[in-house]
Amino acid sequence: MLIPHPLLGLRDSEEFSYLGDATLLERPDGMAADAPQRFYEYQHLRDNPAGVHRELWFHEQGDRSWLVVTRNTVTHEILGAELARDVKLAMLKGGAA
């Protein structure tokens with residue numbers, strides 16, 4: 001499987017470590033009144049969809065960047081990749097990520 005790294009071009013998926021669902025970028029507010037429940041859900045309750053899904057991948061054997069990879073979990077087709085930093089900044093600015 002080849003991942004289209006936004007800075008380095010196509011890279012073999014063997015260079016990366018898979019972390020999981022990209023919603024991990026949406027870390028709960030630790031100071032919120034319902035923080036314990038929200039952190040429980042954040043850590044333990046995740047979707048495992050069949051089809052198009054956004055995932056976090058770490059370029060461990062490369063530039064050590066974090067990517068949000070859009071992948072079809074049924075066919076393993078990679079539909080795109082973005083730097084996780086850019087996705088998070090867009091989220092903070094209220095943009096669609």
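1. Charge. The chain carries 10 positive and 15 negative side chains, and the centres of these two sets are 5 Å apart. Lys and Arg count as positive, Asp and Glu as negative; His and the chain ends are not counted. Each charge is placed at NZ of Lys, CZ of Arg, CG of Asp or CD of Glu.

2. Basis. This is a predicted model: local features need pLDDT of at least 70, side-chain atom pairs count only at pLDDT 80 or more, and totals for chains, interfaces and linings use all residues. Residues are numbered from 1 along each chain as its sequence is written, and side-chain values use heavy atoms, with hydrogens and water left out.

3. Overall layout. The chain has two helices and six strands. Their order along the sequence is β-β-β-α-β-β-β-α. Helices (H or I, at least four residues) and strands (E, at least two) are DSSP runs, numbered from the N terminus. Along the principal axes, the C-alpha atoms fill a box of roughly 45 × 30 × 25 Å.

4. Surface and burial. The accessible surface of the chain is about 6,300 Å², and 51% of it belongs to carbon and sulfur atoms. Areas come from the Shrake-Rupley method with a 1.4 Å probe; for residues, only the protein chains shown count as cover. Of the 97 residues, 35% count as buried. Buried means under 20% relative accessible area, exposed over 50%, and partly exposed in between.

5. Contact range. Take the contacts between residues at least 6 apart in sequence: 47% of them join residues at least 24 apart. Contact means heavy atoms within 4.5 Å.

6. Helix α1. This helix spans residues 35–44, and its buried residues are Ala35, Phe39 and Tyr42. Viewed down the axis of α1, they fall within an arc of 60°, so they line one face of the helix. The arc is that of the directions from the helix axis to the C-beta atoms. Pro36 and His44 are exposed on the other side of α1.

7. Cores. The largest nonpolar core has 10 residues: Ala22, Leu24, Leu25, Ala35, Phe39, Tyr42, Leu56, Val68, Ala84 and Val87. The elements giving two or more residues to this core are α1 and α2 (84–92). The most comes from α1, with three residues. A second, separate core has eight residues, among them Phe16, Trp57, Leu67 and Val69. A nonpolar core is a set of buried Ala, Val, Leu, Ile, Met, Phe, Trp, Tyr and Cys residues joined through side-chain atoms within 4.5 Å. In soluble globular proteins, nonpolar side chains tend to be buried together.

8. Alanine 35. Setting aside neighbours within four places in sequence, Ala35 is in contact with Asp29 and Gly30.

9. Glutamate 15. Glu15 sits in the loop between β2 (9–12) and β3 (17–21). Its relative accessibility is 16%, so it counts as buried. Beyond residues up to four places away in sequence, Glu15 touches Phe58, His59, Glu60 and Gln61.

10. Tyrosine 18. Tyr18 belongs to strand β3. It counts as partly exposed because its relative accessibility is 45%. Neighbours within four places in sequence aside, Tyr18 is in contact with Glu55, Leu56 and Trp57. Tyr18 and Trp66 are 48 residues apart in sequence and 9.9 Å apart in space, C-alpha to C-alpha.

11. Leucine 79. Leu79 lies in strand β6 (residues 78–83). With a relative accessible area of 45%, Leu79 is partly exposed. Not counting residues up to four places away in sequence, Leu79 touches Val52 and Thr70. Leu79 and His53 are 26 residues apart in sequence, and their C-alpha atoms are 9.6 Å apart in space.

Terms used: Buried means under 20% relative accessible area, exposed over 50%, partly exposed in between (1.4 Å probe, protein chains only).
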